[in-house]
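This report covers the cavities and pockets of one protein model. The sequence and structure come first.

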Amino acid sequence: MSATPSPLPTRHDGETPARPLWLLAELTYACPLQCPYCSNPTEMAQIGREISTDAWKKVLREARAMGAAQLGLSGGEPLVRKDLEEIVAEARRLGYYSNLITSGIGMDDARVARLAEAGLDHIQISFQASNAEMNNFLGGSDSFEKKKDMARAIKRHGYPMVLNIVLHRKNIDDIEEIIAMAEALEADYVELANTQYYGWAWHNRDALMPTREQLAHAERVTTEYREHGGAMKLYFVVPDYYEDRPKACMSGWGDIFLTVAPDGVALPCHAARQLPGLEFPNVVDHDIDWIWGESPAFNHFRGYDWMKEPCRSCSEKTKDFGGCRCQAYMLTGDMYATDPVCAKSPEHHLVTDAVERANAQPADAPAAQPIVFRNPKNSKRLHGSRTSRERA
């Protein structure tokens, strides 16, 4: 651990020093829902005990001192943490803009009021579908009416209503009903986020991937709503697999975003702990300054020297940085490979083959393999008993 602040690493553009401007605090992997597209790691049952309130406050202080201004409070379900209001109050004291990312389960009108009093700036609530049957099936809980009640409570307490609906093969055909539900709830912003295949979604990819026809219909409906002057602001997030260039994942490795997992492991993105041979540091053992500036894991994919061809000589590497390291690893087994989403990748067929398999089956055809829902029992079944060290 460094005793004095270390020099900040250089951004990918080689000009401005990189700083962790956006901190994602994954407070817990516990959740009352069991969504099969959850981005939490499938090995979550093996991951050690959650860090303490004081440890989270230390993270907030150190990241803020380095320039972090945006704070996401997520999980799992962050409302499970009894100290959530205390963490929110500390974030307000330090000057963060804080955003609670929640299912709404575990919240009531009184808790919304306590969070507002503590200084929470923003609440995003998720729905699994536009009707109770599909919403409750995907979440594994009779939660639909509760979610609607909490969306109204959020609005009642003066927050803009921000809804998130993850789209996939099972619900994307209901895009008109989803938009109508959001309108009925008087939503201000709606994120229509097509599934990205990490965590549990990776395991359930074949069951969740929409067809081209489904995706085109959803985009058309969204565009028509915008063109007709709908009051809500709709954000439509296209799935990576239907692109021919990869995203600049997290705006570059260790460039802007810092994630801290429930057990205190610091990550450049929420999925990075699966990458082999990288030992990600823990906030219990190291200061954020050292983690961000000096740890080998955070420096591993900074710059361009690590790149293989075709990325190394590609004129677009300054835009996408070779794409997502986790996606490259999951698809090819090589975390240094060009992200196969890219049409220039020699292994682009791994993406196009998956897309073609999805399109070869009617949208309402049953999946070849049953959906594996996100819960501790299935996590243990997939990965065995917990082995990671526990932390106080």
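The second largest cavity is lined by Arg245, Pro246, Pro310, Cys311, Cys314, Glu316, Lys317, Asp320, Gly322, Thr338, Cys342 and Lys344. Its volume is about 90 Å³, and its lining divides into 5 nonpolar, 2 polar and 5 charged residues. Here Ala, Val, Leu, Ile, Met, Phe, Trp, Tyr, Cys and Pro count as nonpolar, Asp, Glu, Lys and Arg as charged, and the others, Gly among them, as polar.

The model is predicted: local features need pLDDT of at least 70, side-chain atom pairs count only at pLDDT 80 or more, and totals for chains, interfaces and linings use all residues. Residues are numbered from 1 along each chain as its sequence is written, and side-chain values use heavy atoms, with hydrogens and water left out.

On a 1 Å grid over the protein atoms alone, a cavity is a set of points where a 1.4 Å probe fits but cannot get out, while a pocket is an open set with protein on both sides within 12 Å along at least five of seven lines; a lining residue has an atom within 4 Å of a point. Points are joined across faces, edges and corners, and a volume is the space filled by probe spheres set on them.

By this rule there are 2 cavities of 30 Å³ or more. The largest cavity has a volume of about 120 Å³. It is lined by 14 residues, and Cys249, Gly252, Trp253, Gly323 and Arg325 are the closest to its centre. That lining holds 10 nonpolar, 3 polar and 1 charged residues.

| Pocket | Volume | Lining by class |
|---|---|---|
| Largest pocket | about 1,600 Å³ | 22 nonpolar, 18 polar, 6 charged |
| Second largest pocket | about 370 Å³ | 11 nonpolar, 4 polar, 5 charged |

Of the 46 residues that line the largest pocket, Ser39, Ile101, Gln124, Asn164 and Glu191 are the closest to its centre. Strands β1 (22-26), β3 (97-102), β4 (122-127), β5 (162-167), β6 (189-194), β7 (233-237) and β8 (257-260) each supply at least two lining residues. The largest share, 4 residues, comes from β6. Strands (E, at least two residues) and helices (H or I, at least four) are DSSP runs, numbered from the N terminus.

The second largest pocket has 20 lining residues, with Asp206, Ala207, Ala367, Ala368 and Gln369 nearest its centre. Two or more residues of this lining come from each of α8 (205-208) and α14 (349-360).
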